[in-house]
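The sequence and structure come first.

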Amino acid sequence: MQETNRMNKIRHQNPNAETVIPLCVPHLAGKEWDYIKECLDTNWVSSVGPFVDRFEACLAHYTGNRFAVATMNGTAALHIALLVVGVEPGDEVLVSDLTFIAPVNAIRYVGAWPVLVDAEPAYFQMDPDKLKNFLSRDCRRGKHGLRNRHTGRLVKAILPVHILGHSCDMNSIMELAEKYGIVVIEDATESLGGRYHEKKVGHLGHCACLSFNGNKIITTGGGGMFVSDDEKLSAKARYLTTQAKDDPLEFIHNEIGYNYRLTNVLAALGCAQMEHLDEYVDLKRRHALAYAAGLAGLSGITLPLEAPAVQSTFWLYTIRVNREHYGCDSRPLLKYLESKGIQSRPLWQPMHQSLVHRESWSTDCSVAEQLNYESLSIPSSVGLSEEQSNRVIAEIELFTGNTQHSKHD
Ligand SMILES: *Cc1c(COP(=O)(O)O)cnc(C)c1O
């Protein structure tokens, strides 16, 4: 089991540590051990090997892409994706404001600048209307492409991040991208296994990136993947992730490359995990149903929604503690749950408020702010038991009851 510092703290505070419910931990119950042993027995432990090939083929097949390139983590895949689609220093990339920071940092790695797009309030994803307004009102077409008329920079790509298991409204985003001639890189990490209009998430843009970090739906401990139908982009991704080696015998390199490859040992873990991905998605969706049934009707608590054409993985089940109802954000609930041995987590600080990205150009991002204030992700491990989810539900019920009392007393 993965131990975070916070989990240790919660354990420490709870004498009966066995009963602590973590936010989201790996589920390693398949052939992980056998496959890793095979690596050691056969001496294939480094960054080439049969499990790397198999893991890549598996992800390409699963997402419906023609090509896949494994990387050492999801951030590396994002860095490479931005390079291969041709984002250059001084360019701009439109990205979700409400996201884990990795995709936004990756934009800076290539010397480009993020333009932050607010979330829509229903599903928390990149707001296509605000994206459209930015492209139509704040940009002009020039000789070299689309330019942000305020900064004068070229707008090269859109990087929608499918957060929490749900998909962005990709039809709208792709339509805009086509209209304005810009490329789309999906960050599909949190929605691997999810669907959008019968298509798999990770096969909706020009290319997509995935992470297999410890808290994702499947894990390799650390790992990532670049996937695409585009042969040229994929070949370039493979080249750049393997030190841009032009002659493997003479060691001739004609470009600056990176050592971003995944090892065979970790890919072995990934192959074992992939055998259970659909089952994990089913389990997460079942946990979501149980939460929805148990928490329905609690006043001041809003449950996550699923758009009609979307199948979410409910990677992290995220509720909202309504500000108007409670006069506070979600943190008192977080503290209460923590005191009961239940780990929860607020959403990420919106990027336009982050010290490192607050200078970025952005749309109005008031929705992301509100969601950050009100939201709380509750335990969502694949292996969450019925007893555990019932306990989470019961404690949230108690909290909402208590808070209402103290407000009315
Ligand atoms: C976890 C995560 C990443 C980063 O992946 P690493 O493998 O930790 O580098 C990128 N994007 C999103 C949306 C994530 O949730």
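## Contacts and burial

Of the contacts between residues at least 6 apart in sequence, 70% join residues at least 24 apart. The coordinates are those of a predicted model. Buried residues account for 54% of the 409 residues in the chain.

## Secondary structure and dimensions

The chain contains 14 helices and 18 strands. Its radius of gyration is 22 Å, close to the 22 Å given by the globule rule for 409 residues, so the chain is as compact as a globular protein of that length. The C-alpha trace spans about 75 × 60 × 35 Å along its principal axes.

## Largest pocket

The volume of the largest pocket is about 240 Å³. Its lining consists of 11 residues, and F100, N215, W315, R345 and W348 lie nearest the centre. By class, four of the lining residues are nonpolar, four are polar and three are charged.

## Second largest pocket

The second largest pocket holds about 200 Å³ of space and is lined by 18 residues. Nearest its centre are T75, F100, A102, S211 and K216.

Helices α4 (74–84) and α5 (102–109) each contribute at least two residues to the lining of the second largest pocket. The most comes from α4, with three residues. In this lining, five residues are nonpolar, 10 are polar and three are charged.

Notes
Residues are numbered from 1 along each chain as its sequence is written. This is a predicted model: local features need pLDDT of at least 70, side-chain atom pairs count only at pLDDT 80 or more; totals for chains, interfaces and linings use all residues. Side-chain values use heavy atoms; hydrogens and water are left out. On a 1 Å grid over the protein atoms alone, a cavity is a set of points where a 1.4 Å probe fits but cannot get out, and a pocket is an open set with protein on both sides within 12 Å along at least five of seven lines; lining residues have an atom within 4 Å of a point. Grid points are joined across faces, edges and corners, and a volume is the space filled by probe spheres set on the points. Ala, Val, Leu, Ile, Met, Phe, Trp, Tyr, Cys and Pro count as nonpolar, Asp, Glu, Lys and Arg as charged, and the others, Gly among them, as polar. Helices (H or I, at least four residues) and strands (E, at least two) are DSSP runs, numbered from the N terminus. The radius of gyration is taken over C-alpha atoms; the globule rule is 2.2 Å times the number of residues to the power 0.38. Buried means under 20% relative accessible area, exposed over 50%, partly exposed in between (1.4 Å probe, protein chains only). Contact means heavy atoms within 4.5 Å.
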